[in-house]
Amino acid sequence: MRKKLAAGNWKMNGLKSNLGEVSALTEAHPSPACDVLLCPPATLIGAMAEAAGGKLAVGGQDCHMNESGAHTGDISAQMIADAGGSYVIVGHSERRADHHESDLIVRAKAEAAIGAGLIAVICVGETEAQRDGEQTLDVIGEQLAGSVPDGATAANCVIAYEPVWAIGTGRTPTLEQIAEVHDFMRNTLVARFADAGNGMRLLYGGSVKPSNAEEIFATSNVDGALVGGASLKASDFGAIIAALEAS
Ligand SMILES: O=C[C@H](O)COP(=O)(O)O
């Protein structure tokens, strides 16, 4: 049985003054029936982990593939773990686009994350042009093959399907489209990893909000969500957590 996961990605948002959202969230959901994760900017990982007091998991939004060295501005998976993080997002489409991260780089980052004892949340997703060109499943298949390391297990990897055109736009795929991709990902992972592929959690991400969470969580092979904008406020993210608990 896969444990559901509500993951929030604060992206480049959040100051120490916003950590009140974390206590509001843990007060409203002291022992959620699903796993809850927040990934703040790197500057807040330590303080958020402290504020969360173990009541929710904290993670990074990216890590370098190396453990240490001359990489100005980067942080390693070990540093995230040292600051109190237990997850890290890798291969988010904003990293793939803004920092030219290839599947090979994403795979190396996922391997670094696993090596540091973190759970890697590996993101995949098609652009609007790729969907219009009916290339969605080919793109997802290629990204999974290239980005997910051979050492992936149900315990150390989570896969997030985030159509690029649905991120921050208020647009979401139809439930049939989400089911098609999630079923395809499940079959692809089972073909490669057998039982482990069946145990890996598959998240949907892209304009998830309280009003659409329930129907998305009822969709085939959706084990939770990776939430951007709606994870910034405890009230919105709390409503998404409640929908996931009820699913
Ligand atoms: O990592 C989160 C996703 O990019 C989704 O962002 P969004 O919920 O603001 O559309």
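Visitor: Why is H92 called buried?

Guide: A residue is buried if 20 or more other C-beta atoms, placed from the backbone, lie within 10 Å of its own, exposed if 12 or fewer, and partly exposed in between. H92 has 28 C-beta neighbours inside 10 Å, and therefore counts as buried. Please note that this is a predicted model, in which local features need pLDDT of at least 70 and side-chain atom pairs count only at pLDDT 80 or more, while totals for chains, interfaces and linings use all residues. Residues are numbered from 1 along each chain as its sequence is written.

Visitor: Where is H92 found, and with which residues is it in contact?

Guide: H92 is found in the loop between β4 (87-90) and α4 (93-98); helices (H or I, at least four residues) and strands (E, at least two) are DSSP runs, numbered from the N terminus. Two residues are in contact if their C-beta atoms lie within 7 Å. Leaving aside neighbours within four places in sequence, H92 is in contact with Q61 and C123.

Visitor: Which residues does the annotation "active site" cover?

Guide: The UniProt annotation, from an unreviewed entry, covers H92 and E162. They are spread over 71 residues of sequence, yet they cluster in space, with a largest C-alpha distance of 8.3 Å. UniProt positions are given here in the numbering used for the model, feature names are shortened, and annotations may be inferred rather than shown by experiment.

Visitor: What makes E162 count as buried or exposed?

Guide: E162 has 25 C-beta neighbours inside 10 Å, so it counts as buried. E162 lies in the loop between β6 and α8 (175-193). Leaving aside neighbours within four places in sequence, its contacts include C123, I167 and G205.

Visitor: Why is D103 called partly exposed?

Guide: D103 has 18 C-beta neighbours inside 10 Å, and so it counts as partly exposed. D103 is found in helix α5 (residues 103-115).

Visitor: How do you know that strand β7 is mostly covered?

Guide: Five of the five residues of β7 (residues 201-205) are buried. In a regular strand the side chains alternate between the two faces of the sheet. In β7, R201, L203 and G205 on one side and L202 and Y204 on the other are all buried.

Visitor: How do you know that β7 and strand β8 pair?

Guide: Two strands pair if DSSP finds at least two bridges between them. β7 and β8 (residues 224-227) have two bridges and pair in the parallel sense. Y204 stands opposite A225 in β8.
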